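Here is a short briefing on one protein model. Keep the sequence and the 3D view open while reading it.

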Amino acid sequence: MGKIDLINHKLKGYSEAELAEVDKLLDGRRPTFTIDLDPIFDRDFRKEGYDLEEDGESFSSLGSGSFTFDFKSFLDMSKNETSIDDGDEMRKRAVIMGGNFGQRDGQVVLKQADKIPEKYRQNYIVLPRTVWVLRESRERYVPFLYWDGSHWIVDLDRLSGPWDAGDLFLVPRKA
């Protein structure tokens, strides 16, 4: 047991004022570390001139284990939609369909991108729960995954659209 650990061990039962006095005496000799409580992104768009407007829970909200996902279009085929220009409507549909995942979820997918079927390489996988705002213009963006010809990457697209049939959500398959 180190000296500081021994001191801490022997100080149990002392008042807050007495412990504060000991803290002054230890002044900087107590081992500490600092963590950043901001969301951790593999590609942090804040470093590229964006502010994080909205994020949220990640796949962890599903529980644990493995999940099978379907690729779903948000377009309303009964209305013969081919695209929509309203990104907020696209985001609402993601919630309704159960495909409202964000950038951190996309990072989990990227780590296992070899499992994405090759036929989806021409599509964007939209991650609508995370919203970034470009500081300069205040325009809103959402992240998406796309195949750049050699591997999947995360990038941003304007929320104002257009969003079309090539833009898909990941929706957990129901058992």
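**Briefing: rings, cores and a buried helix**

Phe41, Phe45, Tyr50, Trp132 and Tyr141 are linked by ring pairs into a cluster. The model is predicted, with a mean pLDDT of 82 for the protein.

**Confidence**

- Of the residues in the protein, 77% reach a pLDDT of 70 or more.
- Residues 1–6 stay under 50 in pLDDT. For this stretch the model has five contacts beyond four places in sequence.

**Aromatic rings**

- Searching the whole structure gives eleven aromatic pairs.
- Phe71 and Tyr120 form a stacked pair, because their ring centres are 3.8 Å apart and their planes lie at 15 degrees.
- This pair links distant parts of the chain, 49 residues apart. Phe71 belongs to strand S2 (residues 69–73), while Tyr120 is in the loop between H4 and strand S4 (124–126).
- Both Phe71 and Tyr120 are buried.
- Phe74 and Phe169 make a tilted aromatic pair, with 5.6 Å from centre to centre and 40 degrees between the planes.
- Phe74 counts as buried because its relative accessibility is 2%. Phe169 has a relative accessible area of 0%, so Phe169 is buried.
- Arg121 is placed over the face of Trp147, 3.7 Å from the ring centre.

**Helix H4 and Gln103**

- Gln103 is located in helix H4, which spans residues 103–111.
- Is Gln103 buried or exposed? Its relative accessibility is 0%, so Gln103 counts as buried.
- The side chains of Gln103 and Trp132 make a polar contact at 2.8 Å. Trp132 is also a member of the ring cluster.
- Beyond four places in sequence, the residues that Gln103 touches include Phe41, Arg43, Phe45, Asp55 and Leu127. Thr130, Pro143 and Val154 are also among them.
- The buried residues of H4 are Gln103, Asp105, Gly106, Gln107 and Val109.

**Nonpolar cores**

- In soluble globular proteins, nonpolar side chains tend to be buried together.
- The largest nonpolar core has 13 residues. Phe71, Ile116, Ile125, Leu145, Trp152 and Leu170 touch the most other members.
- Strands S7 and S9 each give this core at least two residues.
- Apart from this core lies another one of twelve residues, including Ile84, Ala94, Trp163 and Val171.
- Leu145 is in contact with Gly106, Val109 and Leu110, among others, when neighbours within four places in sequence are left aside. Its other contacts include Ile125, Trp152 and Ile153.

**Ile153 in strand S7**

- Ile153 is found in strand S7.
- How accessible is Ile153? Ile153 counts as partly exposed because its relative accessibility is 22%, and the limit for buried is under 20%.
- Leaving out neighbours within four places in sequence, Ile153 contacts Leu110, Phe144, Leu145, Tyr146 and Asp148.
- Ile153 and Ala113 are 40 residues apart along the chain, and their C-alpha atoms are separated by 9.4 Å.

Technical notes:
Residues numbered from 1 in each chain as written. Predicted model: local features only at pLDDT ≥ 70, side-chain atom pairs only at ≥ 80, totals over all residues. Heavy atoms only, no water. Helix = DSSP H or I, 4+ residues; strand = E, 2+ residues; numbered from the N terminus. Buried < 20%, exposed > 50% of the residue type's maximum accessible area, 1.4 Å probe, protein only. Polar contact = N/O pair within 3.5 Å; in protein donor to acceptor, adjacent residues only side chain to side chain. Contact = heavy atoms within 4.5 Å. Core = buried A, V, L, I, M, F, W, Y, C linked by side-chain atoms within 4.5 Å. pLDDT = per-residue confidence, 0-100. Phe/Tyr/Trp six-rings, centres within 6.5 Å; stacked < 30°, edge-to-face > 60°. Lys NZ or Arg CZ within 6 Å of the ring centre and 35° of its normal.
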